[in-house]
Amino acid sequence: MRSATSTARQSPLTLLLKGVAALLGVVLLGALGPAAAQARPAQAEAAATGLHISDGRLLEANGNDFVMRGVNHAHTWYPGETQSLADIKAFGANTVRVVLSDGHRWTRNGPDEVAGIVDDCKTNRLICVLEVHDTTGYGEDAAAGTLDHAADYWISLKDVLAGEEDYVIINIGNEPWGNTDPAGWTAPTTAAVQKLRGAGFAHTIMVDAPNWGQDWQGVMRANARTVYDADTTGNLIFSIHMYSVYSTAQAITDYLNAFVDAGLPILIGEFGGPADQWGDPDEDTMMATAEALDLGYLAWSWSGNTDPILDLAIDFDPSRLSSWGERIFHGADGIAQTSQEATVFGDGGDPDDTEAPTAPGTPTASAVTATSATLTWPAATDNVAIAGYDVVRVSGGAETAVASSTTTAVTVTGLTADTAYAFAVYARDAAGNRSARSGTVSVTTDESGPTPGVGCSVGYRVVGEWPGGFQGEITIRNTGTTAINGWNLAFAFANGQTISNMWGGTPTQSGSSVSVAPAGYTASIAANGSVTLGFTGTRSTANAAPTAFTLSGNTCKTA
């Protein structure tokens, strides 16, 4: 669910809240057992072109299994953020879901603009899921548009989408039904699919669930087979949005396995991890189950949320990932670990690509210790896509390679204490073209040598505030010489703040004193490595940062 002017989540969930307690019983309605699975029509198999569905799986034209690993990007509200797709790709995503408007509720994105978005996706080697957002919450939100209107919009774009079946999936309408009479979802969803097929669309079509996308009453689950069979091409995939309704492992695994067992294609088209006023989604189980079942997932969202709790990158800045962004891109079962680029883009780059990337921005240094420094830099751009970055030490006219990265950050290790260094960065593309060198950053390492055993520094910042509440972020860095496996972080609030929900750790609070145990994916911290925790909390007027931290009894520096 998203607000009318931004990507912030909405609150018309009274009926949802009443039903959450009965969720596990409700979703069993209309369970899709293996006996319900039916063979795909033979004529559909023969006609498959581009991305298509076969035996419940999303395949490329060459038959390669394609598992979406990506994020959502709010283009229609932020059309000037044209660098976002390149930044998303630089973190390893293979897919981006792009928010569009059919003109019913927001400014219509026309054919030339949509053609440009598709070109940008292809340039950055991303599969492009295009969605109409105006349908959000239809039947409950009076401002929402119909799926029929959205289908007419797609038909108006047929000339720019025809021939793009290898690269584009059409998500007819976002969360196209609210909580009011969600059974009304089935007929217009079926009609919209058939309208597009009747107009000649061969693309894979994605359909979202009712109940603001979360299907907590099981309508899509019960009627998925009927909707799927109504598409004569068989190129239909279902999308479930997982937020606070999916706060337990059982709710998540039951729902996804119901579709897999029935041979019906499904992905998690949106999901969140940070807790909100409705509950605390279990993003760890969502991501782990998607990986175990080879199902796609698309995290909400790159940036621009009214409440920044769901921003992966703060203010569209790829060098400022939030704790939610770190979780999605670098955590267990995250994008960096599991994403595989679509084979339609080929291997090794385009031999005809001779254009070098632009130079990256001048790096900045942080978390400087006696033996290491973390460097971040503004991303480069390329006519095709950035494949990675090479960091060099500059000494007079000489250069020495010290590190490589597929993102816009790297930690350089093995440095000497109390020593001055200068570092710069090159960008390279898949064809091997290398950019001009960035500007240099000067770094002087700390005087003291590394701390034997455990050493630590802790950074604390307030990400956002609102009356009575706030979102915070804590970064723990291991400045010692050996990996930390298991830890306990302790600190005290100064102004009566309390932690409501945390991701990356489990808090225990007594008065002002807080103790945090790690989550599974943050328990180990490599030497010179770091982990980031995020949380929401309550506050009064004052909201001062804690001044002292200990890690497993060791006093940490504050960063």
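Predicted model: local features only at pLDDT ≥ 70, side-chain atom pairs only at ≥ 80, totals over all residues.

Glu291 belongs to helix α11 (residues 283-293) and Arg69 to strand β3 (residues 69-73), so the pair ties together parts that are 222 residues apart in sequence. Is Arg69 buried or exposed? Arg69 is buried, because its relative accessibility of 1% falls under the 20% cut-off.

Next, select Asp152 and Lys195, whose side chains meet in a salt bridge with an N to O distance of 2.7 Å. Colour helix α6 (residues 147-156) to find Asp152 and helix α8 (residues 186-198) to find Lys195; this pair links distant parts of the chain, 43 residues apart. Asp152 is partly exposed at 36% relative accessible area, and Lys195 is partly exposed at 29%.

Move on to Arg434 and Asp390. Their salt bridge has its closest N and O atoms 4.0 Å apart. Arg434 sits in the loop between β16 (420-429) and β17 (441-444), while Asp390 is in strand β13 (residues 386-395), 44 residues apart. Arg434 is partly exposed, with 40% relative accessibility, whereas Asp390 is buried, with 15%.

Finish by selecting Arg97, Glu131, Asp208 and Glu270 together: salt bridges that share partners join these residues into one network. To continue beyond this tour, note that the structure holds 20 salt bridges.

Conventions: Residues numbered from 1 in each chain as written. Heavy atoms only, no water. Helix = DSSP H or I, 4+ residues; strand = E, 2+ residues; numbered from the N terminus. Buried < 20%, exposed > 50% of the residue type's maximum accessible area, 1.4 Å probe, protein only.
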